[in-house]
Amino acid sequence: MREDILGRSRVEDTDELVQFYRRLETMGAGALWTVANDIEPWYPQPKSVPMLWRYEQLRPSVLESASLVSGDDAGRRVVMLVNDGRKELSAAVGLLYTGLQIMNPGESMTAHRHAASALRFVIEGEGAWTIVDGDRLEAGARDFLITPSGTWHEHGNDSASSPVIWQDGLDIPLVNTLDANFYAVHPELHQQPGKVVNTSLREYGSGILTPADRGWSKRYSPLLAYPWERTYEALLARAEVSDGSPYDGIIMEYVNPLTGGSVMPTMGAHMQLLRPGQATLAHRHTGSVIYHVAKGCGHSIIGGQRFDWQENDIFCVPSWAWHEHANDDDRNDACLFSFNDFPVMHALDLYQEAAYTDNHGHQTVEDTLEPATTVQQ
Ligand SMILES: [Fe+2]
Ligand SMILES: [Fe+2]
């Protein structure tokens, strides 16, 4: 008997056992040993697969959606990105959802709220705004915004000529898996925002000071808007004094300024900078990650598959999949925005991480000739 199957189910079917299983089924019961090896794997077995979605391939369809359906009829006009292994949950990876939302010039939507938490990463267009619990946030390309669980929100585009496209990230699959989602339309359909925009940024966005006379009891960040310019400045400043992580380069987390923790209880977000020509070492960890190429071009190797990426492409790393990143430009840096479910992993004591130690820390690529992408034409 092999040691690795000691304590594992190895019962073989007999006529008598099959009859027994059928009788159990009629009673709403079952024999654990028939499924034990599946539900108690040696290590995580994600159903999600690594995928890359090319922005230039998706963009025409996103634009087309803006003429096919109205924002209010659709509720939200979003082309969602669906993992081949997670179609039943509409998840992009693990229990995370993502999609590309488009708003036509001058368009605005009604307000609603839900138990699921949301975040936005603006891709293109000027004039994007969202009102989150009465705070009007105005944002441009590469700005990051949060819409925490239970906050009223409505979006729009003030531009006269260009559409706004941003990436939505939500924990919908997680919240639905927990049977904990709620949704409500604002009783007056719209909020009454204050006169000053980006109030939270003015109060909580200094980076080194927080208001001393304000209490905050929510579990999410009181800062709702994280501008790109300040994010990039922070990365460049750190790059002057640190090598950062061997697995991620100069990586920094968007934080709740009051706690230093993740922006929301279920999702965290990072921006990382890869120096010109930098190739990171491979590692893996529990928790799923969705990346957005904020700047530059390069490739990532995920589970032995190579994915070449350029600006605005989106790709995912399933839980426990080996991954490493490389900036293929020898002159310019590359920046990857990402969001994840790490706060859930940490809160439940399920976070684990491991370094890839073979082959000088780099995976063997299965297929270097045909960069893997599973996006359907
Ligand atoms: Fe929403
Ligand atoms: Fe990682």
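Predicted model: local features only at pLDDT ≥ 70, side-chain atom pairs only at ≥ 80, totals over all residues.
Visitor: How many helices and strands does the protein have?
Guide: Eight helices and 22 strands. Both are DSSP runs numbered from the N terminus: helices are H or I with at least four residues, strands are E with at least two.

Visitor: What is the strand order in the six-stranded open sheet?
Guide: The order is 1-19-16-21-14-13, with antiparallel pairing. Two strands pair if DSSP finds at least two bridges between them.

Visitor: Which are the edge strands?
Guide: Strand 1 (51–53) and strand 13 (250–253); each pairs on one side only.

Visitor: What packs on that sheet?
Guide: Helix 7, residues 228–239, touching strand 13 and strand 14. Contact means C-beta atoms, placed from the backbone, within 7 Å. The direction of helix 7 makes about 135 degrees with that of strand 13. Axes are lines fitted to C-alpha atoms, for helices over the stretch in contact, and angles run from 0 to 180 degrees between N-to-C directions.

Visitor: How many bridges join strand 14 and strand 21?
Guide: Seven, in the antiparallel sense. Strand 14 covers residues 268–274 and strand 21 covers 334–340. Leu 273 stands opposite Cys 335 in strand 21.

Visitor: New topic. Is strand 8 buried or exposed?
Guide: Strand 8 (residues 144–147) is covered on both faces. Phe 144 and Ile 146 on one side, and Leu 145 and Thr 147 on the other, are all buried. A residue is buried if 20 or more other C-beta atoms lie within 10 Å of its own, exposed if 12 or fewer, and partly exposed in between, with C-beta atoms placed from the backbone.

Visitor: What stands opposite Phe 144?
Guide: Phe 121 does, and so does Tyr 226 in strand 12. Strand 5 (residues 118–124) runs antiparallel to strand 8, joined by four bridges. Strand 12 (residues 225–226) pairs with strand 8 over two bridges, also antiparallel.

Visitor: Why is strand 9 called largely enclosed?
Guide: Four of its five residues (153–157) are buried, so strand 9 is largely enclosed by the rest of the structure.

Visitor: And what share of the protein is buried?
Guide: Buried residues make up 40% of the 377 residues.

Note on methods
Residues numbered from 1 in each chain as written. Chains lettered and ligands numbered in written order. Contact = placed C-beta atoms within 7 Å.
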